[in-house]
Amino acid sequence: MNKSALKRLALELRREVDLTPYDRFDPLVLAELYGVEVIRLSEIECSPAALRHFQLARPERFSGALVPQSDGSTVIIENDSHEPERRVSTASHEVAHVALEHPFAATLTDTKGCRVSIAEHEAEAAELSGELLLPTDAAKRLAFNKVSDADVARRFGISIQFARWRMNATGARKIAARAAVKRRAT
Ligand SMILES: [Zn+2]
């Protein structure tokens, strides 16, 4: 799926949860709409040593995963030891895989504990979750109004790095800068 198709899909999904492109996105609401339960890593019954590993010793190792259930449903497991902004981005990424109907091979871990992923699916999920969290239309308006990356992050409940990435990757800052030059020239 190309970028403009993903952009359209993100706006459609936002509409399904009653959001305009300018509202803050909550991935848990979309997950619920899809009947996908989001489970916190700390709620899972596993050995304390394993939990400590993910939460404290190697918190970077695991952000989230989609896990198919025997009844055909899907759950998202997310690492709740991460910052809220990162958790929002993780859950959005995983729910994007669901919305894109990516097969489970794309998100399961192999026996060595490495993520088996299809690069194309990962790129799509990254782009779709980016558009869900900060749509291009919103980025352009914010850039035009000279809203800082930090303020964009606060408004949309995302990290400053994520906001910066979106404000640049969407071309929003560049377009606003060009428009400002034009305004000064006339
Ligand atoms: Zn992924």
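These are my notebook entries on what I looked up in a predicted model of one chain.

**Ground rules.** I number residues from 1 along each chain as its sequence is written. Because the model is predicted, local features need pLDDT of at least 70 and side-chain atom pairs count only at pLDDT 80 or more, while totals for chains, interfaces and linings use all residues.

**Overall make-up.** I looked up the secondary structure and found 9 helices and 3 strands, where helices (H or I, at least four residues) and strands (E, at least two) are DSSP runs numbered from the N terminus. Read from the N terminus on, the elements run α-α-β-α-β-β-α-α-α-α-α-α. I then noted that 32% of the 186 residues count as buried; a residue is buried if 20 or more other C-beta atoms lie within 10 Å of its own, exposed if 12 or fewer, and partly exposed in between, with C-beta atoms placed from the backbone. Among contacts between residues at least 6 apart in sequence, 64% join residues at least 24 apart, a contact being two residues whose C-beta atoms, placed from the backbone, lie within 7 Å.

**Helix H4.** I checked the length of H4 (residues 84-99): at 1.5 Å a residue its 16 residues should span 22 Å, and its end C-alpha atoms are 22 Å apart, which agrees. The expected span here is 1.5 Å times one less than the number of residues. H4 is mostly covered, with 12 of its 16 residues buried, among them Arg 87, Val 88, His 93, Glu 94 and His 97.

**H4 against H5.** I next looked at helix H5 (119-133), which packs with H4 at an angle of about 120°, their axes 8 Å apart. That makes H4 oblique to H5. For this I took axes as lines fitted to C-alpha atoms, for helices over the stretch in contact, with angles running from 0 to 180 degrees between N-to-C directions; angles under 35 degrees count as roughly parallel, over 145 as roughly antiparallel, 65 to 115 as roughly perpendicular and the rest as oblique. On the H4 side the residues that meet H5 include Ser 89, Ser 92, His 93 and Ala 96, and their partners in H5 include His 121, Ala 125, Leu 128 and Leu 132. By class, the contact of H4 with H5 has 7 nonpolar, 6 polar and no charged residues (Ala, Val, Leu, Ile, Met, Phe, Trp, Tyr, Cys and Pro count as nonpolar, Asp, Glu, Lys and Arg as charged, and the others, Gly among them, as polar).

**H7 against H8.** H7 and helix H8 (residues 160-169) pack at an angle of about 110°, with their axes 8 Å apart, and are therefore roughly perpendicular to each other. I listed the contact residues, which include Val 152 and Phe 156 of H7 and Phe 162 and Met 167 of H8. They divide into 8 nonpolar, no polar and 2 charged.

**Positive phi.** Most residues other than glycine have a negative phi. I looked up Glu 101, in the loop between H4 and H5, and found a positive phi of about 55°; Glu 101 is exposed, with 6 other C-beta atoms within 10 Å. Lys 146, in the loop between helix H6 (136-144) and helix H7 (149-156), has a positive phi near 55° and is exposed, with 10 other C-beta atoms within 10 Å.

Asn 2 lies in the segment before helix H1 (3-16) and counts as exposed, with 8 C-beta neighbours inside 10 Å. I noted that Asn 2 and Glu 127 are 125 residues apart in sequence and 9.5 Å apart in space, C-alpha to C-alpha.
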